[in-house]
Amino acid sequence: MTDFSKTREFFDLPKGVIYLDGNSLGPLPRNAVDRMRHVMEREWGAQLIRAWNQSDWITLPARVGARIGRLIGAPKDSVTTGDTLTIKVYQALAAALPLRPDRRKIVSDNGNFPTDLYMAEGLIRTLGRDHELVIAEPEAVADAIDEETAAVLLTHVDYRTGQMHDMEAVTRRAHAAGALMIWDLAHSAGAVPVDLSGCGADFAVGCTYKYLNGGPGGPAFIYVKPTLQETVEPALSGWMGHAKPFAFDLEYRAAQGIERMRVGTPPILQLSALDAALDIWDEVEIDDLRRRSVELCERFIAGVEAACPQLELASPRNAAERGSQISFRFSKGYAAMQALIDRGVIGDFRVPDIMRFGFAPLYVTPEDVDKAIGILDMVINQRVYQEARYQTRLAVT
Ligand SMILES: *Cc1c(COP(=O)(O)O)cnc(C)c1O
């Protein structure tokens, strides 16, 4: 059994804050501070360039990838880390399309995070081979997949509403049509159980600064199904993905396996913070995490609907169909969220009218949920959100 009173101690949360935005930026793990100090002073500071060997920096992307792999049902040696998720989306799609050279369709949905769609558009332009990006409604994705589809690119959990695709069913549909399946796990890794092996996904990508608490701008991860690893041709053929980076050959030769999805020099400081953040998962059973997440979310929905009928639930009512966040629509959602943040309840806002609350069981408690509901009740029913100071939009919402 996972002890959630212990997992909360892992984080250094400011006093008086109820943090419901770990789906956007996870909080600071206490041990990440010590680890960063160690890496900066004892490794970078004292060992200098020798640290690549002496502190084994060179294999850190794979070691961190293996730890993430265990959380998403990926077999050994099938996940590596580096770059940002935006880059990893491009890399996965660019690896998938040449495997279906006679097909021209890429299927996604309008619940996808825009950067994923932008990168698909950019890749299509670069390839110049008349690929077409088909953007379906989330419910209609399965029907949009056909014999012309080369790849299906979907985010498992919708960033706005928390709506979750049935990973197994959609993957099966893609494969039945002969298409490759790419999952973006940005809002899934560390939030919900994922079984990449079980569902047979071909590629998966995700970021590490949300539910994995790796810190702002932390490196992303990429998974390639073992049977495809020796077949994919990296489009971003960087020296760190070369079979022999230190041979300095003039010609590119892809490294074995998942290593070929590395690009350039890994961000050692960020990877170290992430590696420290991942320690907590040694104490967590993912099924316990899911159970607790559902409890927190159900409690929040019931409380908010009882107190604030003005807010409309934007997330699926059925817990099995959503991730670890709850969203409500409210026409004055931006101002209401600013008023909440001012009172220590930190969530966020997504256009046009979505108030978003993430429930990360590692540090959010049922008492936090009750307090957040009480403050939301006050902000909405006493119309605190009408105050002039909450009306100005900041650059990051
Ligand atoms: C958060 C998120 C991103 C962000 O990508 P970055 O490169 O880390 O900025 C991309 N895609 C999805 C689905 C996300 O949720």
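Here are some friendly notes on the structure above, point by point.

1. Ground rules. This is a predicted model, in which local features need pLDDT of at least 70 and side-chain atom pairs count only at pLDDT 80 or more, while totals for chains, interfaces and linings use all residues. Residues are numbered from 1 along each chain as its sequence is written, and side-chain values use heavy atoms, with hydrogens and water left out.

2. The sheet. Seven strands make up an open sheet with mixed pairing, in the order E2-E8-E7-E6-E5-E3-E4. Helices (H or I, at least four residues) and strands (E, at least two) are DSSP runs numbered from the N terminus, and two strands pair if DSSP finds at least two bridges between them. At the edges sit strand E2 (79-82) and strand E4 (132-136), each pairing on one side only. From one strand to the next, the twist averages 20°.

3. The E3-E4 pair. Strand E3 (residues 105-109) runs parallel to E4, and five bridges join them. Serine 108 has isoleucine 135 in E4 as its bridge partner.

4. Helices on the sheet. Helix H5 (residues 85-96) packs on the sheet and touches E2, E3, strand E5 (149-155), strand E6 (180-184), E7 and E8; contact here means heavy atoms within 4.5 Å. The direction of H5 makes about 170° with that of E7. Helix H6 (residues 114-127) also packs on the sheet, touching E3, E4, E5 and E6, with its direction at about 160° to that of E4. For these angles, axes are lines fitted to C-alpha atoms, for helices over the stretch in contact, and angles run from 0 to 180 degrees between N-to-C directions.

5. The ligand site. The residues surrounding the ligand include Thr84, Leu85, Asp116, Asp184, His187 and Tyr209, where near means that a residue has a heavy atom within 4 Å. H5 and H6 each supply at least two residues of this shell.

6. Tyrosine 209 places a polar side-chain atom 2.5 Å from a ligand oxygen atom, and aspartate 116 has a polar side-chain atom 2.8 Å from a ligand nitrogen atom. For leucine 85, a backbone N or O atom lies 3.4 Å from a ligand oxygen atom. The protein covers 86% of the 390 Å² of accessible area that the ligand has on its own; accessible areas come from the Shrake-Rupley method with a 1.4 Å probe, and for residues only the protein chains shown count as cover.

7. Asparagine 213. This residue is in the loop between strand E7 (203-206) and strand E8 (220-224), and its phi is near 60°, a positive value in a residue other than glycine. Asparagine 213 counts as buried because its relative accessibility is 3%; buried means under 20% relative accessible area, exposed over 50%, and partly exposed in between (1.4 Å probe, protein chains only). The side chain of asparagine 213 reaches the backbone oxygen of tyrosine 211 at 3.3 Å.

8. Aspartate 130. Located in the loop between H6 and E4, aspartate 130 has a positive phi of about 60° although it is not a glycine. At 70% relative accessibility, aspartate 130 counts as exposed.

9. A cis peptide. Valine 351 and proline 352 are joined by a cis peptide bond, with omega about 0°.

Key:
A polar contact is a pair of N or O atoms within 3.5 Å; within protein, one must be able to donate a hydrogen and the other to accept it, and residues adjacent in sequence count only if both atoms are side-chain atoms.
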